[in-house]
Amino acid sequence: MIRFNLILMFAALMIYAACSTLTLQPADFSWPIESVLPVDDNGNVSEEKYSLEFNTRNMFFEEFQDSTAFIGKEIRLIRDNKGFYYITAQNFKNVYVFKPEDGTLVLNNMVPISETGIKNPAFNQRKDHIELIDGDTKLSLTHEGIEGG
Amino acid sequence: MKKKIIKINLKMFILVIIIAAAAAFAQSDYEIVQNFRKDYAGIKDKIENADSLAQLNSIVDNIAQLRDKYSEHADLLDNGLYPDQFETSIAKLNSAYILRQGDFARIDVLKTEVSTLKKNVDTLNTKNNELLANLERLESLSNKNSKQIGQLNNLVAELRGSLLKRDRLVMSMVDSLMPPIMREKTMLSPEDKEQINSEIEKDNVLTNVKTTIKDNIQYLNLTTLQPEDLKDIQSQQNEFEDTWSRIGGKLVDVYADNNSRSRELREIDSLFTRWKYAVRKEAWNSISEVFAKKGVPLKSFSNEESFVNSVSEYIEDEKKNIETQNENKAEQNYALFVDSTWYGEIKPVWTNYLIEYGMLSEENKDSIESNIAGWKSELYPSTLWIWIIIAGLLAASAVILLTRKRRTAEGTEPPV
């Protein structure tokens with residue numbers, strides 16, 4: 001019986017080893033400085049430095065319920081060390097947290113910031129969080145929401 | 001009680017200071033990087049556009065201030081300015097400053113050089129005037145003895161050397177009017193214009209350019225030159241014109257509001273054209289002199305068309321005169337023109353030059369030579385046809401003789 005159990009354990013170990021995914025760690029995805037990107041006529045933004053391009057129409061529609069709200073706007077974008085993208089813009093009430101997935105950015109969290117809209121938002125990269133400032137207001141954000149909030 | 005109120009107020013005050021300080025720290029990293037970039041670009045612009053060493057020196061403080069102001073954000077800037085870094089950016093500004101300082105040092109050196117050049121040009125101007133006067137005097141003597149001819153040749157050589165020397169000095173003077181950085185500017189600043197204007201006025205640059213070209217034209221008028229000399233002059237002329245074209249265009253801008261100086265610039269342009277024309281004219285004059293010296297009376301010519309017409313007319317006249325004039329005279333004229341002048345001097349010495357500088361086309365040269373061939377065939381008609389007739393007659397006689405002989409032989413045979 002003991003012998004059978006040992007064989008079973010060994011087999012389980014082999015199966016586990018065969019199925020586990022190769023993981024490289026630690027990894028740091030953080031951008032040192034936020035990017036301020038103009039939205040083009042089609043709603044696209046492009047960050048050449050990081051070879052990133054995506055469409056913002058749905059996000060603007062979500063924020064303003066207006067399909068043309070993206071026109072003439074610029075967004076502020078930063079990536080944290082875990083790889084989540086934080087996006088906001090002037091007069092947004094929320095900060096949108098996205099994670100990249102299979103050629104898309106999928107909303108991970110929508111962090112409500114201000115009922116009246118953020119006047120002059122800016123992101124700063126900090127050691128273990130993203131700092132959102134708006135005038136004198138400072139908030140610490142993670143992909144889960146406002147720290148301590 | 002009063003003490004307590006003061007204590008509370010003091011605490012409130014400290015709290016306000018702390019809040020204000022905290023608020024002051026709420027600064028966007030992005031903004032810091034952008035502000036640095038803006039300040040950096042501002043200083044770089046100032047360095048590039050500094051008009052004097054004094055102005056440039058005042059910018060050193062700006063670089064130091066930039067460094068002090070942003071050194072606390074050095075790490076952030078290292079990341080934000082990627083691939084540049086904070087320290088490398090400051091180092092770039094310092095390098096740009098040193099480089100620009102070098103430009104001003106070069107301008108100072110150029111100023112000194114120009115002042116030396118001016119003295120040399122003045123000396124050469126005086127010398128060239130004397131040489132030209134002497135040359136004119138000797139040229140005007142109708143019967144020159146061998147000593148005078150020797151003197152004349154020496155004078156021409158000395159004048160050529162002296163003119164060349166002065167041309168180079170004036171070219172350097174023109175070239176040094178604008179430092180390279182000023183030439184690259186699409187628009188000159190009022191300070192640039194003022195600086196150039198003062199250099200031009202101080203060194204009489206425009207007058208010197210005009211004198212140089214005029215003297216060269218006069219030299220061409222007084223001398224008879226060979227293709228090699230003309231080639232040298234043309235290459236020097238091109239060099240001078242290139243130098244002038246680099247600066248002249250900018251000077252139009254400098255003197256846009258000065259009518260008399262603008263007129264002088266136009267005069268210089270037209271002098272360049274006259275100089276070019278003078279070189280071509282000199283070539284035709286020299287060729288004309290070759291014919292004259294040989295005693296070939298060609299009609300005067302000063303360009304390709306008149307040259308070809310003149311030569312063709314001469315040949316046609318000679319062809320017409322073959323019948324009327326003495327045979328020896330016709331042959332002498334032919335030998336003088338064709339053997340001695342055309343194939344003896346013009347073709348080996350001048351035609352390549354004329355063709356190379358676009359003054360005579362291959363077709364026109366061929367047409368002259370085909371005219372010469374026609375002239376020859378008229379003067380010395382071919383005798384081949386006489387020989388053919390004689391050969392024909394001899395052959396016919398031989399046939400007749402043979403036929404007669406055969407008939408005679410047939411008549412004397414005895415009947416069978």
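User: In β6(A), which residue is the bridge partner of Y85(A)?

Analyst: Strand β6 (residues 94-101) of chain A runs antiparallel to β5(A), and three bridges join them. Strands here are DSSP runs of E with at least two residues, helices are runs of H or I with at least four, and both are numbered from the N terminus; two strands pair if DSSP finds at least two bridges between them. Within β6(A), the residue bridged to Y85(A) is F98(A).

User: What kind of model is this?

Analyst: Residues are numbered from 1 along each chain as its sequence is written, chains are lettered from A and ligands numbered from 1 in the order in which they are written, and side-chain values use heavy atoms, leaving out hydrogens and water. Local features need pLDDT of at least 70, side-chain atom pairs count only at pLDDT 80 or more, and totals for chains, interfaces and linings use all residues, since this is a predicted model.

User: Which residue takes a positive phi in the hairpin of β5(A) and β6(A)?

Analyst: The hairpin of β5(A) and β6(A) has four residues between its strands. The positive phi, near 75°, belongs to N91(A).

User: Is strand β5 (residues 85-89) of chain A mostly covered or uncovered?

Analyst: A residue is buried under 20% relative accessible area, exposed over 50% and partly exposed in between, with a 1.4 Å probe and protein chains only. In a regular strand the side chains alternate between the two faces of the sheet. On one side of β5(A) Y85(A), I87(A) and A89(A) are buried, and on the other Y86(A) and T88(A) are buried too. With five of its five residues buried, β5(A) is mostly covered.

User: In β5(A), which residue is the bridge partner of I78(A)?

Analyst: Strand β4 (residues 74-79) of chain A is joined to β5(A) by five bridges in the antiparallel sense. These two strands form a hairpin with five residues between them, where G83(A) has a positive phi near 105°. The partner of I78(A) is Y86(A).

User: Which residues form the uncovered face of strand β3 (residues 52-55) of chain A?

Analyst: β3(A) pairs antiparallel with strand β2 (residues 44-47) of chain A over four bridges, and S46(A) is bridged to E53(A). The two strands form a hairpin with four residues between them, and S51(A) in the turn has a positive phi of about 50°. L52(A) and F54(A) make up the covered face of β3(A), while the uncovered face holds E53(A) and N55(A).

User: In what order do the four strands of the open sheet in chain A lie?

Analyst: β8(A) and strand β9 (residues 130-134) of chain A run antiparallel and are joined by five bridges, with F123(A) opposite L132(A). The edge strands, each pairing on one side only, are β8 (121-125) and β11 (145-146) of chain A. The pairing in this open sheet is antiparallel, and the order is β8-β9-β10-β11.

User: Is α6(B) roughly parallel or antiparallel to α10(B)?

Analyst: Axes are lines fitted to C-alpha atoms, for helices over the stretch in contact, and angles run from 0 to 180 degrees between N-to-C directions. Helix α6 (residues 146-175) and helix α10 (residues 227-254) of chain B pack at about 15°, with axes 9 Å apart. Angles under 35 degrees count as roughly parallel, over 145 as roughly antiparallel, 65 to 115 as roughly perpendicular and the rest as oblique. The angle therefore makes α6(B) and α10(B) roughly parallel.

User: What is the handedness of the crossing of α11(B) and α13(B)?

Analyst: Helix α11 (residues 259-294) and helix α13 (residues 327-356) of chain B pack at about 165°, their axes 10 Å apart, which makes them roughly antiparallel. A crossing is left-handed if the near helix is turned anticlockwise from the far one by less than a right angle, and right-handed if clockwise. The crossing of α11(B) and α13(B) is right-handed.

User: How many helices and strands does chain B have?

Analyst: Chain A has two helices and eleven strands, and 38% of its 149 residues are buried. In chain B, buried residues make up 35% of 416. The secondary structure of chain B comes to 15 helices and zero strands.
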